[in-house]
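Please keep the sequence and the structure open as you read.

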Amino acid sequence: MDALVQVFTHSLDPNPNARKAAELELKKVESQDGMLSSVFQIVASAQVDASVRQAAAIYFKNRVRRHWDSTPVRGGPAVVSISQTDRDAIKAILLQTLVEAPTPVRVHVASALGTVARCDFPDQWPNLMDQIGQLLQSQDAQQVYGGLRALLEVVRAYRWNNGVKMMEQLAPATLPLILQTGNNLLNSDNASSSQVGEILYVILKIYKTSMHTELTKHQQSHESIVSWGTFLLQVVQKEIDPSQLPSDDDAKEIAPWWKAKKWAFHSLNKLFSRYGNPSQLPSDMKNYKPFAEHFVQTFAPEILKVYLRIADANSQGNMWISKKAFYFLCMFFTECVKPKSTWALLKPHVLQLTQSFIFPRLCFSEEDDELWELDAVDFVRANLDPFEEVGSASGSAATFVQTVASKRTKSSFMPLLEFVTSVVNAYPAQRSAKEKDGAFHLCRAMDLTMVNHEKVSGMLDSFFAQHVIPEMKSEHKFLRYRACDLIKAFDHNGMQWSNNATLEAAFRGVMDCIGDAELPVRVVAAEAIGSLIDHDEVHEAMAPNAARLMQELLKLSDETDLDILSPTKSKVVANFGEELLPFSIQLTQQMAESYMRLVNENLESADRDPDGTMELNLDNHEDDKLFAAMGCLNTIFQIIASAESKPEILEKLEEVVLPIVAFTLEKDCVELFDDCLELTDTLTYYQKKVSPGMWHIFTLIYKSFKGAGIDYLSEMLPTIDNCVSYGVEVVQQSQEYKSMLVDIFLTAMTSDQLGITDQVAACKLADVILLLLRGGVDEALAQIVNAVLPHTVDEEKIKADVRKWSIIVVLDALVYNAAATLQVLEAANATTALFGAVTSLLPKLTRVHEKKVASSAIMQLLALEPASLPAALQNNLAAFLVALATQLDGLPEAIKKRNEMLEAFENDEDEDEENETSFASSGGVNVDTSGFEDVDDDRDVVDEDNEYLEMFARERAKLRARANGEELEDDDDEEDDFEEEDDEEDELSYESPMDAVPVFEQFRQLLGSYQSQRPEVWAKITQQLTQDQMQLIQQAAEGQDERVKTL
């Protein structure tokens, strides 16, 4: 143990070489019996230095997390087993160590306990709950706290895995016990102390976690819900002695008592929103309906009364509440809008609640100003990123206003609008600039309702002209910001600009604000421009200045490193493609430089996983850089698309783009593979050629696939396909490239790390290889055919696509070299089974490519000397000829259908463009107002949220059914519809190597050769044919080859 203490001491050494040596030493001895239990003795020992104990605890936690479960993970690193002796020794002192460890160590011990519980409880650790129960019933506060932490980890371990079954046992055994502890503490003399707050925090976190996915029968019982509900309401109402709390608001937010209150609020809300609201229950939760109906009538009104009292006390300045508490209050009020019973109770309070409780939180605050000045980018992120707003106080306040205005419009919308009007009319005489900002914020929350309300929509133009547009020149930065935000939001949602002068003033004001001194104003103004350019007047005015606007957008993007402006940049490129073409190289270079900077900065803090991939840092808003990098790639894609018919520009764009793609592949930045490879796919497709630089990318793609990028074959395939299709001469002359292609295919078909989607992608690659590289991969033919043969007879339903494409690959092989393919099939004793599978598949082939492959394969087969064919095929020549004629007979209809689909697709695109133009000309966009239907006060609200919940319920039901080997009635139909849609899209975008093959002409030649060169065989065949079959063959022989159109 002393030696291990020295190793962990060296692991903290400032000298990186010493640290590295310590890590290597730990790696060397980690598999030794007794090693891990010795590490845990260091963690448990009070005599060891605190920092060394913490280092040992972190190592122990990570080792347990990775290796306590000895089940190997597909594609994962090898498991370093932990001996049973070590396991027993660790479990013997694990709980006591949790009790006695100092806080910095306890957090890691608790995490390790959770892992052990998930793996071993109850089978390999049957007395765990008895041990925890003893701790919970102790008179020693430290032991009680340790028992609670242990129970929390057990409950966490089973909230997902086997959660229902285990929680049904745990809940009645533990929840009454910890509730009693909580009530005793709540009524004790030192109830306001931070120690009591910390214990209550853990108790409430256990309760909250216990109902994460299901509410047990025990928790639904009257006895449990009344006692816990009472306790939770007492906690949220508990007035804490101010002397026991920090004076600083930020410190109060994370004080133990307010953390406890947070989970009490959360639990009350969860009981209502997930389990206690009958009108919002999805179909797979209808078993909660009796509980929900009782809860909404009995308990929800009590919660609402308490919450309204808290809101009123806070509004009067008599009670401080945390931001999280405010958030949970608003979200509960929002949930109360939908059920008619709770709405009846909330309705009389809505206006007062909005004016006194909600409105102040929507006004620009000192905290907002401090953030703006301290970190303007963070202010933009907090206010413009919808994901940041979701859990914020202002976001929850806006959600409440939006829900009330849109769902209970008749009774609540006009009073709220009158309040807004009173504020803006009273500015600046009786109302401050910050209050006007709050009024604008209320408008932002009600924007869709205002735009679609028949009495209000016609007055918006004058409202903006009088109150909003002038504020873009305000001395107050936040009013300039909010005015631009309103123009962006209302215009995006379809506001009618009835007066061209107002629209022109809005446009001029926004353009002025793009040059504002304040970064947040510039950003939101740029977003507003992205909406306004849909109007013809704005589009015409912007066209000459499109390049300058794009420069401003790029500059802003570099200043913020946020993805917020990516949609605007892409839209500007899409709208002003022609105007930007002269500057496209320069713009792409700037975006490439930004991309490289963003990715490099993210990689500096990245960790490399054991499989070699770079795990980009998604903490501390580093994900913003990742999304901003994706935004750069998306805008580059738009520029490439706008240059589709300009080969000289595409060539120069490729020179700029390929280095960033190469960098991404070389650094294994797998999160960015999809967007990067879309660029190489588009460049090769538009240019119909493969440059030396693109061949370098092809090599990097292969190397990546053989390493960290193995899961991205579907994303790689389009570029690989294009390289082969448009560079076939180069591939034919390069044994290295051919070997790479075959190796990709074989790896994808045989790797345990890859699944069905990858195997389908591999078959599509083999399809290209065999059809385009005729005579170039003779030595690999047997490997390719043998790799797919097992899948051609796999009847498992989930693998239907793999089966179909595997059969197509064998047909491709027959097209490539029928004689050699038959030799492979005979050697594998697979001829009869394979052609049985082919016979079953042929009637199901609908795509032009598939029909042509099948036709060509059968023709190649029939072109062989009949005597050289296997006996099973010699006896079925007539059947094969009929199958061939059937495929050819259906080919013209398949081509016609494909061309019609292509024409419909192109017409749809034209209609979309026309619709966009007409909506822009009329001053608005097409907005779906179905989610804003007003609901009478005496009805429950059932809206799009219910549809989402129901959709998720159906998906959960499907997953459960499939896990149990069952099938849902509508499962097949939905899957078939999806597959059919997917096939259609694939058909239109696919340039087949078979498109130019004259199959009808070849068929006539085949018939001619039989009749002239093999008359005996032909006579034997015709004797076996019916009159209808002969007519079918004659009809096919008269068919004409048609040109196959592509997108």
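This is a predicted model: local features need pLDDT of at least 70, side-chain atom pairs count only at pLDDT 80 or more; totals for chains, interfaces and linings use all residues.

Pro122 belongs to the loop between α6 (103-120) and α7 (128-136).

The axes of α25 and helix α28 (residues 477-492) come within 10 Å of each other and cross at roughly 15 degrees. Angles under 35 degrees count as roughly parallel, and therefore α25 and α28 are described as roughly parallel to each other. Their crossing is left-handed. On the α25 side, the contact is made by Ala433, Lys434, Lys436, Asp437, Phe440, His441, Cys443 and Arg444. Facing them from α28 are Phe478, Leu479, Arg482, Asp485, Leu486, Lys488, Ala489 and Phe490. Sorted by class, this contact holds 8 nonpolar, 1 polar and 7 charged residues.

Next comes helix α32, which we can follow to two partners. With α33, the axes come within 10 Å and cross at roughly 160 degrees. That angle makes α32 roughly antiparallel to α33, and the crossing of the two helices is left-handed. Leu549, Met550, Leu553, Leu554 and Ser557 of α32 meet Thr568, Lys569, Val572 and Val573 of α33. The residues of this contact divide into 6 nonpolar, 2 polar and 1 charged.

The other partner is helix α35 (residues 584-604), whose axis comes within 11 Å of that of α32 (residues 546-560) and crosses it at roughly 5 degrees. α32 and α35 are therefore roughly parallel to each other. Here Met550, Gln551, Leu554 and Asp558 from α32 meet Gln586, Leu587, Gln590, Met591, Ser594 and Arg597 from α35. By class, the contact of α32 with α35 has 4 nonpolar, 4 polar and 2 charged residues.

| Helix pair | Axes come within | Crossing angle |
|---|---|---|
| α25 and α28 | 10 Å | roughly 15 degrees |
| α32 and α33 | 10 Å | roughly 160 degrees |
| α32 and α35 | 11 Å | roughly 5 degrees |

Now for the backbone in two loops. Asp561 lies in the loop between α32 and α33 (566-575). Although Asp561 is not a glycine, its phi is positive, at about 55 degrees. Is Asp561 buried or exposed? Asp561 counts as buried, because its relative accessibility is 11% and the cut-off for buried is under 20%. Lys688 also is a residue other than glycine with a positive phi, near 55 degrees. You will find Lys688 in the loop between α38 (673-687) and α39 (692-705).

Our last stop is Phe60, in helix α4 (residues 50-67). With a relative accessible area of 1%, Phe60 is buried. Which residues does Phe60 contact, leaving aside its neighbours within four places in sequence? They are Leu36, Val39, Phe40, Val43, Ile90 and Ala112. Of these, Val39 is 21 residues from Phe60 in sequence, and the two C-alpha atoms are 6.8 Å apart in space.

Methods:
Residues are numbered from 1 along each chain as its sequence is written. Side-chain values use heavy atoms; hydrogens and water are left out. Axes are lines fitted to C-alpha atoms, for helices over the stretch in contact, and angles run from 0 to 180 degrees between N-to-C directions. Helices (H or I, at least four residues) and strands (E, at least two) are DSSP runs, numbered from the N terminus. Angles under 35 degrees count as roughly parallel, over 145 as roughly antiparallel, 65 to 115 as roughly perpendicular and the rest as oblique. Contact means heavy atoms within 4.5 Å. Ala, Val, Leu, Ile, Met, Phe, Trp, Tyr, Cys and Pro count as nonpolar, Asp, Glu, Lys and Arg as charged, and the others, Gly among them, as polar. Buried means under 20% relative accessible area, exposed over 50%, partly exposed in between (1.4 Å probe, protein chains only). A crossing is left-handed if the near helix is turned anticlockwise from the far one by less than a right angle, and right-handed if clockwise.
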